[in-house]
Structure formats: structure tokens, C-alpha cells
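We will go through them one stop at a time.

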Amino acid sequence: MYDVKIPVLIVGGGPVGLSTALFSGRRGVRTMLLEKRDSTSMLPRAPGLQARTMELFRAAGLGKEIRALEKGNSHAYFEGGIIKVDTFSDIDNAELLESPSLDGPTVSPERVMGCGQDRYEKVLVAKAREYGADVRFNTRLVSFEADEEGVTAVAEEAATGNRITIRADYLVGADGAGSRVRKALGVERTGRGTVFNALSIYFRAPELETLLKDRKFILCYASAGGSLMGLSRLHGCDPWLAAPIYYPEKGETPDDYTDERCVEIVRRAAGKDIDVEIMDKVPWQGAQLVSETFRVGRVFLAGDAAHVHPPAGGFGANTGIHDAHNLSWKLAAVHDGWGTDALLDTYDAERRPLGTAMSEQALVRNRIRHGYATEQDRKDFVDDVIITLGYRYRSSSVVGAEGSKVLTPDLELTGEPGTRAPHVWLTRTGTEGAEGTERISSIDLFWDGFVLLHGPDGGAWAKAAVKAAERLGVPLRTHAVGPEEELRPEDRDWAAAYGVGSGGAVLVRPDAFVAWRSAEGTSAVADPDAVLDDVLARASAAAS
């Protein structure tokens, strides 16, 4: 009856779909991915990879391969911030618009890097296939029907016209802003809609290097001609990327932007009659829209299919990759038999509020950069590092979280439930007969199960956690942290970083987010076994 049976079917082969296949496969879940394009992206889109994104690639086993794609030291470009000029020839008089914080030695073991989709997608495809993913290009989704037991989909191969019927336990729609999956589900979106229309122009212009005097920046806006045009080369090599705005309300269409006109636009922004070779042009909309739900039964939405916004901040692809990771570990939990449907519900509960907050922040940045921000916009502005690493989850999988704000004014990675576990450099001694030591980040401990970290006097918490995990069938490891323990802090006091005493403990989820914390030892509670039994059941949704 079915040509293929698979646990997870993914529609869309961009960074989000490929990351879903990668993260799921790394955890032993077989996936099939359908992509209507005939290959990975040929253009250096989405060129900024955030520290949190690099953490996830690191955990999935390809951090070094992605980092090797960096051309020189791209971090210098991020440090240059976002600037504005009249023309690029006037670079000496550039105005600094934003100088975002993006990473730091006490924030993450990773740093942001510049690299376009045209390079990193190839690595994602290769690694996803290595982990067992069936990635099919030139194959489009024709239709799908979901029932209580799974999803039946029909796909068509462009080269042959052959159609295949696929039966999957779950379907993930990662098929972009115009998502056919979302439309088929009838999921509506809310938000401000289209804010502006732009055209990405990929071009070569050797003289631009001289005009810019090797000035490093994330984006450089030129205001010549009365309309801002952003310039970027975070990907670290040719071509340059410029994005002028066009106005449909004035009757303009992308077809009006011939190569000749695009050359003139670049020259006007340059302030000089330089040689320009147009490589490609891609129209797009700067919109702010968030789906009313990220889950309908057995079908999930991720990335631009779930939330779109102006590309200010580079949040789009990165946030989508984070969607993929949040969903993948939960799908893997269900696949492995210890996760529940209630755990899958936390995907929407955690990621939709963040998608909304992040898209609002992108709008704030867009208004600031284009010169029409209100005083309230400036008050609402939250630094990039908070949006990329300091966001908070509130769901049934987080025990004891306080407050309701997804984004706080200041970065607060202090071990509070619902936040990403703090990064602390550790020395790990050899275990199970292994010799020597190794230097790791605390973030390296979290991937395939729950982890309970405890201080030198917190052994009773570990014993209670092990009992609870065995009863619930939930994967869990425990680690003692301290000067004389298996894990020895190098750069700062672990207990202070995580907000616990020597007898305290922290339960961390497979995605490195804190699920529960006790600052004190077990002497403060009557029955530690009952406490951990309840905590782990709630964190894994096993009690629902």
C-alpha cells in the first residue's frame, strides 16, 4: 500500500529541514526529506550563524566541519556592527547604528561565524545522510492526509513524474514562508503582514574593496537616492549582497529591475562609476507573521513556515534551526518510547512565544535602521545575545520557572529553570578505565538524555534521580561537579554559575535547557525520591 514507511517525513530542504533531518538522525530517528529544488542553495543566503546554532552543530557532531567553512576571521565583521553611510565612498564618515552583543567567553563555548547557505547546506546534507536520512531533491509534496496514527503523503519526482506514497508517524513542514503544508492545514497567521519589499542582488565589484577600505561590518546601509540599500558579505567571499527596497504601491515589480538598473543602483550607492557584474537577483518580502499554532495533530511547522519577519538581526534561519532542534529531541523521545504526546505539545508552547517575540524584535530593528523608530521601539529593543541565547521557555516541561517574559532586558543565564544552562569550562577526568583528562564545556554534556548535575554534597539528589529515571524509563546521567570531582570547573565557580550550593542540583534537558533546580541539598525536603520522581515525570511529560 505504501512505497515508503518512515518515522518522520520532512518537507523542505533548506537549513531548517536539513537540520531537522540531521538532529533526528543523530538520535537514531530515520527521516525522509523532500525538496523541490534540484540541489542545495547556490546563493550565500542567511550568512550569519549564531553561537547557539554553532552549539547545536557542535553537539550533533559537525561543529568542526561547519567551522572549517569560515573564510578567515569572520568574527571581525560581526564586531564591526551595523553602519550607515550616504555612499560607500564615504566610509570614513560612517554612522554606527547598532553594535550588538553576540557571544562571549562566559556565554558560550562557540562564537558567531559568517558562512552562506551555499556552503553549509552541503555539509548538512552529507551529515544527515550519514545519519540515515533519505534526502530527495527534485521531489515535491503533492498532498498529505493526517489521521490519529500518522500521515499519508504523496510525492512526485520531477525527473520522471513518478509518484510515491509515503506513510510517516509525523510530518514536519519546513517549506518556507509560502508553506504548502501550513496552507493545507488551514493554519492562519497573525502579525503586521508585509512591511517592505526588497530585491537581493548578488554581484561582483572588485573596486568596492578599495572604496570600503577594508572596513568590517555586519551590514552597511547606503542612503544615496533616498532609499536605504543594505550591503553584506558575512559569507566571506564573492559575491557581494545588496538589498534595495522597491515599491509595489508605486507600480514597481521585480521585473522592472533589469541587470542594467541593478548596476546603476549599486553604482549610485557606491558613489562612483565602478565596474559591476550582476550574478543573480531574488525578490522577497520583509513581513512579520506568526502561525497561530506550530502543531496540528501529527504535523508540525518549523522555520519560516511557522514565523516570518524582516531579516534584521539574522534571526530567521538561526531561529528555524533552533525550532528543528527543539522538535527533534522530542520526536526522538517519542520514537524511543519514553516521550509522550504531551511532550510534543511543548514544542508549540515553547517555540511559538519565542517566534512571536523574535519577530517583534526584528521589526524594532527594521524601524531603527530605517529611521522611523519611536521612543517605545528604543525601549523595547533587546540585545541580540538575549534573543539568540538568553530566551526563556515556559511549558509543562519546565518545573519552577518564574515570570512570563520570553525575553528579558538583560542576559540572565544563571541556571534558572527555562533558560539555557550556563557555559562553564570543565576538566573531565578519565572514566571507565580511560586515562588522562579533557577540557569540555558544560554545554557538551547535554544531548541524548536528561542530565543531573550536582555539587560535592548533592549525591542524594543523584541517587533519587537515577531511581526516578529507571521507574519512568527516561534516559538520564548524573555528574558530580567540584574541585575534587569527576568534573572540575576551570574558569569560574560552577555552583555560583548555576545558582546552587554544594548540596544543590540542576536537571538539564537534552537541549541544554534547565528543567529544574534545587539550590539546597536533600535535607531541605522530606522525600527527595518523591521530589525527583515528580520533577522528571513533569520534565519528560511522562506523568501527563
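Predicted model: local features only at pLDDT ≥ 70, side-chain atom pairs only at ≥ 80, totals over all residues.

Residues are numbered from 1 along each chain as its sequence is written, and side-chain values use heavy atoms, without hydrogens and water.

**Stop 1: two helices.** Select residues 15-26 (helix α1) and 51-59 (helix α2), which pack at about 40° with their axes 10 Å apart. Helices here are DSSP runs of H or I with at least four residues, and strands are runs of E with at least two. Axes are lines fitted to C-alpha atoms, for helices over the stretch in contact, with angles from 0 to 180 degrees between N-to-C directions. Now show S19, L22, F23 and R26 of α1 with L56, F57 and A59 of α2: they make the contact (heavy atoms within 4.5 Å).

**Stop 2: a sheet.** Next, find the open sheet of 3 strands, ordered β20-β19-β23 with antiparallel pairing. Pairing requires at least two DSSP bridges between strands. At the edges are β20 (437-441) and β23 (487-489). Strand β19 (residues 425-429) joins β20 over 5 bridges; zoom in on T429 and its bridge partner T437.

**Stop 3: the cores.** Finally, select L9, F23, F57, I66 and I166, the residues with the most contacts inside the largest nonpolar core, which has 63 residues. Around L9, look for the residues it touches, including M32, L34 and I166.

Notes
Core = buried A, V, L, I, M, F, W, Y, C linked by side-chain atoms within 4.5 Å. Buried < 20%, exposed > 50% of the residue type's maximum accessible area, 1.4 Å probe, protein only. Lists of a residue's contacts leave out its neighbours within four places in sequence.
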